[in-house]
Amino acid sequence: MELYENIFKRKSTKAFQMDSLDEDSLRRVEEILKTAPNLFEGMKVTYGLLREGKEFSEKATGILGAYTRVKAPHFLILTMEPKPGFRQATGYSLAHVVLALNDLGIATCITYPGADKEVLQKYLEIPEEEVPVLFVAFGNPQNPAELYPPLDYYKRRGLSDIIIQGPVKRKYKPLFEAVRLAPSSFNTQPWRFSVDGNKVHVARVKLGFVKNKLFSSLNKIDMGIALAYLLIAIKAKNFKFNLIKEEFSHPEMEYMITVEILEEPRRP
Ligand SMILES: Cc1cc2nc3c(=O)[nH]c(=O)nc-3n(C[C@H](O)[C@H](O)[C@H](O)COP(=O)(O)O)c2cc1C
C-alpha cells in the first residue's frame with residue numbers, strides 16, 4: 001500500500017451510500033486501525049468503530065452543526081487523553097488511516113465531533129480519561145466516480161504562500177507539493193514552512209482573538225495531518241529525517257516542530 005500516492009487521489013466525500021460495507025472491507029478497516037501510527041510514544045489515539053453509523057448520523061444531525069452534518073453508514077470516533085499535543089497527535093495518526101482507507105477504495109469525510117461525550121457514550125464505550133476529538137464518516141460514495149478528485153479539484157494555496165522562507169532545493173519540492181494537498185478544517189490550510197537548507201520549520205498561522213476561539217483546536221488537528229503528509233512524502237522519496245525542536249520564532253506564526261531531512265538517501 002502506498003500512502004504517498006493516495007495523497008494525490010483523495011478527496012472528502014459528503015454523500016455516502018447508506019448500505020453497509022461488506023464484512024471483508026470492515027475487517028480490513030479494523031486492521032488499519034490496529035496499526036495506525038502515533039506521533040508521540042505513550043499518547044495513543046483510540047479509534048472506536050461505529051458499524052451502525054446510519055442511526056447515529058440520523059440522531060446526530062440534531063446535535064451537530066450544519067458543517068459537521070454528514071450522513072454515512074459507518075463512523076470512526078477518535079478519542080484521546082487530553083494531554084499537551086493531543087490534537088496534533090490525532091491529526092497525525094488520522095492522516096495515515098484516511099489515506100489507507102482511500103487506498104482500499106473506501107470514501108471518507110473527517111468531521112468535527114459536534115456531539116459531547118455523554119451523547120457518544122450511548123453508542124460506544126469511551127475510556128474515562130479520554131475525550132472525543134474527531135469523527136470520520138466512511139463508506140461507499142453515492143457516486144463511485146466521486147471517490148477520486150478530478151484534475152482541477154484541489155483548491156489549495158500555492159507553494160509561494162505556504163513556504164514563508166526559502167529557498168527550497170529542487171529535490172525537496174515534491175515534499176511540499178504533497179503537504180500542500182493535506183485536508184484541513186474549512187480548508188483553512190493553516191500550515192507554513194520556513195526552509196533553511198535541509199531543515200523545515202513547521203508552523204501554524206496565528207489567529208486573531210475571535211477566530212482563535214473558534215478554530216485553533218481544529219487547526220491543531222490540521223497541523224498534525226500536514227506533518228503526517230510531509231513525513232509520508234519524505235519516506236516515499238527515500239530520505240530519512242529527524243524531528244527536533246529549534247529556536248524558531250515568527251510574529252505571525254506558532255512554531256510546531258522542525259523536520260531535519262537527512263541528505264543521505266536510504267539505501268534500497
Ligand atoms: C479537522 C477537520 C475537520 C473537518 N470537519 C468537517 C466537518 O465537520 N464537516 C465537513 O463536511 N467536512 C469537514 N472537514 C473536511 C474539510 O472541509 C475538507 O477536508 C477540506 O475542505 C478539503 O477538501 P478535501 O478533503 O476534499 O480535499 C474537516 C476536515 C478536517 C481536517
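In which loop does Pro 167 lie? Pro 167 is found in the loop between β5 (163-165) and α7 (173-179), where helices (H or I, at least four residues) and strands (E, at least two) are DSSP runs numbered from the N terminus. The peptide bond that leads from Gly 166 to Pro 167 is cis, with omega near 0°.

## Basis of the report

The structure is a predicted model, in which local features need pLDDT of at least 70 and side-chain atom pairs count only at pLDDT 80 or more, while totals for chains, interfaces and linings use all residues. Residues are numbered from 1 along each chain as its sequence is written, and side-chain values use heavy atoms, with hydrogens and water left out.

## Overall form

The protein chain contains eight helices and nine strands. Its radius of gyration, taken over C-alpha atoms, is compared here with a globule rule of 2.2 Å times the number of residues to the power 0.38. For 268 residues, a compact globule would have a value near 18 Å, and the 18 Å of the protein chain agrees with this. Along the principal axes, the C-alpha atoms of the protein chain fill a box of roughly 50 × 40 × 35 Å.

Contact means heavy atoms within 4.5 Å. Of the contacts in the protein chain between residues at least 6 apart in sequence, 75% join residues at least 24 apart.

## Surface and charge

Relative accessible area sorts residues into buried (under 20%), exposed (over 50%) and partly exposed (in between), with a 1.4 Å probe and protein chains only. Buried residues account for 50% of the 268 residues in the protein chain. The accessible surface of the protein chain is about 13,300 Å², and 49% of this belongs to carbon and sulfur atoms. These areas come from the Shrake-Rupley method with a 1.4 Å probe, and for residues only the protein chains shown count as cover.

The protein chain carries 38 positive and 33 negative charges, and the mean positions of the two sets are 5 Å apart. Lys and Arg count as positive and Asp and Glu as negative, whereas His and the chain ends are not counted. Each charge is placed at NZ of Lys, CZ of Arg, CG of Asp or CD of Glu.

## Salt bridges

A salt bridge is a side-chain nitrogen of Lys or Arg within 4 Å of a carboxyl oxygen of Asp or Glu. The whole structure holds nine salt bridges. One of them joins the side chains of Glu 30 and Arg 51, at 3.5 Å from N to O. Glu 30 belongs to helix α2 (residues 23-34) and Arg 51 to the loop between β1 (46-50) and α3 (53-63), so this pair ties together parts that are 21 residues apart in sequence. Both partners are partly exposed, because the relative accessible area is 31% for Glu 30 and 30% for Arg 51.

A salt bridge also connects Glu 246 with Lys 199, and their closest N and O atoms are 3.1 Å apart. This pair links distant parts of the chain, 47 residues apart: Glu 246 is in the loop between β8 (240-244) and β9 (253-262), and Lys 199 is in strand β7 (residues 199-205). The side chains of Glu 254 and Arg 204 likewise form a salt bridge, at 3.1 Å from N to O. Here Glu 254 lies in strand β9 and Arg 204 in strand β7, so the pair ties together parts 50 residues apart in sequence. Glu 254 is partly exposed at 36% relative accessibility, whereas Arg 204 is buried at 5%. Salt bridges with shared partners also join Glu 23, Glu 30 and Arg 51 into one network.

## Selected loop residues

Phe 186, in the loop between α7 and β6 (191-196), has a positive phi of about 50° although it is not a glycine. Phe 186 counts as partly exposed, because its relative accessibility is 41%. Asn 238, in the loop between α8 (209-236) and β8, is a residue other than glycine with a positive phi, near 60°. With a relative accessible area of 40%, Asn 238 is partly exposed.

Thr 13 is located in the loop between α1 (3-7) and α2. At 1% relative accessibility, Thr 13 is buried. Beyond its neighbours within four places in sequence, Thr 13 is in contact with Ala 107, Thr 108, Cys 109, Pro 141 and Glu 146.
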